[in-house]
Amino acid sequence: MSAMRASPLKYALIVFLAGASYGVMATTVKFAYREGFAWTQTAASQACFGLFIFAAVFIVRSLLGKKGVKLTPRSVIRLLGLGMTTCTTCLLYNYSLTMLPVSVAITLLFQFTWIGMVIQIATTRRAPKAAEIASALTILGGTFLASGIFEADLNPDLNPLGIACGLLSAISCAAFVYLSGKIETSMPSIQRGLIVCCGASILALIACPDYFVSGAIQAGIWKYGLVLGFFGLFAPVILFGIGTPHLPAGISTIMASSELPAAILISVFILQEPISLLQAAGVVVILVGVVVSQLPNLLRGAGRQRKGGLAK
């Protein structure tokens with residue numbers, strides 16, 4: 001019984017790790033851009049190499065006698081759609097970066113924290129708890145600080161299409177987190193992820209139809225594709241699939257906000273990029289917001305420990 005009660009914290013941590021895995025992508029994409037690869041090529045690399053990783057693991061598991069479950073056409077279509085949803089986030093966000101400063105694009109993307117709550121209200125007819133609202137507001141405040149938007153030299157004539165793409169990326173991101181907890185969650189995670197990545201690859205190759213003949217793979221984008229495929233698809237698809245079915249949609253999107261602190265810390269240690277006091281404060285505020293969302297679970301756990309101690 002105690003293990004079941006402790007599960008919300010465990011699943012929240014799993015979703016937190018899923019969000020943090022996305023943090024590797026920003027630094028990897030920057031390296032790819034430095035070598036002259038286009039944003040469509042990096043998106044296609046993420047999808048195709050994510051599919052390659054899932055396929056390799058699936059084949060190995062099959063050879064070891066671990067077979068998948070029988071699929072229905074409905075299941076396949078739903079999972080392909082889930083894959084297209086996460087690829088849509090990648091494409092919209094990357095495209096917004098071609099028209100907007102990074103700080104603005106990140107701030108727009110991270111509106112998914114409160115959009116996830118709107119989805120939760122619309123689907124469950126349940127108002128979010130006070131801790132969830134406080135957490136979302138705290139994280140949004142931290143996002144504005146951590147993104148560097150207050151320190152950026154912003155053009156007052158921001159591209160409306162870029163803003164629209166940034167906001168749409170937030171909606172698709174929140175939708176992916178929500179749907180990850182609803183679509184075929186009982187299916188083996190590797191088989192499920194394989195079909196999800198098929199959907200992502202289909203959409204990515206529509207956006208970059210000349211990917212395999214452009215020479216990008218021979219030119220070295222494969223090394224970035226492996227990193228993006230693992231941290232941008234393989235790890236989060238599995239982790240979100242495990243964690244989100246056991247959490248409200250609002251909490252799932254809050255925990256996924258770990259992406260921004262992870263991205264900033266990785267850029268500091270890998271790219272040696274400087275971090276301002278405001279950005280550092282923003283990272284701390286986001287992490288505080290994550291803790292706030294879990295206060296009810298933490299307090300319940302502490303209460304059970306005290307009761308257990310008194311019983312002894």
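Trainee: Which helix gives the most residues to the lining of the largest pocket?

Mentor: This is a predicted model, in which local features need pLDDT of at least 70 and side-chain atom pairs count only at pLDDT 80 or more, whereas totals for chains, interfaces and linings use all residues. Residues are numbered from 1 along each chain as its sequence is written, and side-chain values use heavy atoms, with hydrogens and water left out. The elements that give two or more residues to the lining of the largest pocket are helix 1 (2–34), helix 3 (73–97), helix 4 (102–109), helix 7 (160–180) and helix 11 (259–270), a helix being a DSSP run of H or I of at least four residues, numbered from the N terminus. With eight residues, the element that gives the most is helix 1.

Trainee: How much space lies in the largest pocket?

Mentor: A pocket is an open set of points on a 1 Å grid over the protein atoms alone, with protein on both sides within 12 Å along at least five of seven lines, and lining residues have an atom within 4 Å of a point. Here the lining has 38 residues, with Ala26, Tyr93, Val102, Ile106 and Ala263 nearest the centre, and it divides into 21 nonpolar, 13 polar and four charged residues. Taking volume as the space filled by probe spheres set on the points, which are joined across faces, edges and corners, the pocket holds about 840 Å³.

Trainee: What is the volume of the largest cavity?

Mentor: A cavity is a set of grid points where a 1.4 Å probe fits but cannot get out, and the structure holds two of 30 Å³ or more. The largest is lined by Phe58, Arg61, Lys66, Lys67, Gly68, Pro188, Ile190 and Gln191, with helix 2 (39–63) and helix 8 (189–207) each giving two or more of these residues. Three of its lining residues are nonpolar, two polar and three charged, and its volume is about 50 Å³.

Trainee: How many charged residues are in the lining of the second largest cavity?

Mentor: This cavity, with about 40 Å³ of space, is lined by Ala43, Gln46, Ala47, Thr86, Cys87, Cys90, Ala200 and Leu233. By class, Ala, Val, Leu, Ile, Met, Phe, Trp, Tyr, Cys and Pro count as nonpolar, Asp, Glu, Lys and Arg as charged, and the others, Gly among them, as polar. The lining therefore has six nonpolar residues and two polar ones, while the number of charged residues is none.

Trainee: Is Glu184 buried or exposed?

Mentor: Glu184 is found in the loop between helix 7 and helix 8, and its phi is near 45°, a positive value in a residue other than glycine. Buried means under 20% relative accessible area, exposed over 50%, and partly exposed in between, with a 1.4 Å probe and protein chains only. Because its relative accessible area is 18%, Glu184 is buried.

Trainee: Where is Ser147 found?

Mentor: With a relative accessible area of 9%, Ser147 is buried. Leaving out residues up to four places away in sequence, Ser147 touches Ser103, Ile106, Thr107 and Gln279, where contact means heavy atoms within 4.5 Å. Ser147 is found in the loop between helix 6 and helix 7.
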